[in-house]
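Please open the structure in your viewer and keep the selection panel at hand.

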Amino acid sequence: QVQLVESGGGLVQPGGSLRLSCAASGSIFSINDMAWYRQAPGKQRELVARITSGGRTNYADSVKGRFTISRDNAKRTVYLQMNSLKTEDTAVYYCNADLFPIGRGLRSYWGQGTQVTVSS
């Protein structure tokens, strides 16, 4: 059984910062890409940032220069540091990981989501 568990969401004022974490656990052989997505009310889920196992990153244009994705491979954890938050960053943020469960082929897993609300 593989699980992705997110933490770190909450309410923050515009201009503030939050750090999201997502830890993968269970019968995992290896993890390829890890990513953060978000979904605002009435909108489609969109990619926020992605990081490869080697540390290469890419970001949505809307968050470049404000958000930083990183990972700790030993802890099987991915982070999203969010600075200079705007009201339009309000959404449910989901962690995603492409990984090899032990004895199985590559599969994509999702966390349960964590709410980020940016409001004064």
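A residue counts as exposed when its relative accessible area is over 50%, and as buried when that area is under 20%. The model on display is predicted.

Begin by selecting Asp-61 and Lys-64, which are both exposed. Their side chains form a salt bridge, with an N to O distance of 3.1 Å. A search of the whole structure finds six salt bridges.

Next, select Asp-33 and Arg-50, another salt-bridged pair, whose closest N and O atoms are 3.6 Å apart. Asp-33 belongs to strand β4 and Arg-50 to strand β5, so this bridge ties together parts that are 17 residues apart in sequence. Asp-33 is partly exposed because its relative accessibility is 21%, whereas Arg-50, at 15%, is buried.

Asp-98 lies in strand β9, 48 residues away from Arg-50 in strand β5. Both Asp-98 and Arg-50 are buried.

Now turn to the largest nonpolar core, which has 30 residues. Among those touching the most other members are Trp-36, Phe-67, Met-82 and Tyr-93. Elements that give two or more residues to this core include β1 (2-7), β4 (28-39) and β9 (91-101). Of these contributions, that of β9 is the most, with five residues.

Finally, select Met-82. Beyond its neighbours within four places in sequence, the contacts of Met-82 include Leu-18, Leu-20, Phe-67, Tyr-93 and Val-116.

Conventions. Residues are numbered from 1 along each chain as its sequence is written. This is a predicted model: local features need pLDDT of at least 70, side-chain atom pairs count only at pLDDT 80 or more; totals for chains, interfaces and linings use all residues. Side-chain values use heavy atoms; hydrogens and water are left out. A nonpolar core is a set of buried Ala, Val, Leu, Ile, Met, Phe, Trp, Tyr and Cys residues joined through side-chain atoms within 4.5 Å. Buried means under 20% relative accessible area, exposed over 50%, partly exposed in between (1.4 Å probe, protein chains only). Helices (H or I, at least four residues) and strands (E, at least two) are DSSP runs, numbered from the N terminus. Contact means heavy atoms within 4.5 Å. A salt bridge is a side-chain nitrogen of Lys or Arg within 4 Å of a carboxyl oxygen of Asp or Glu.
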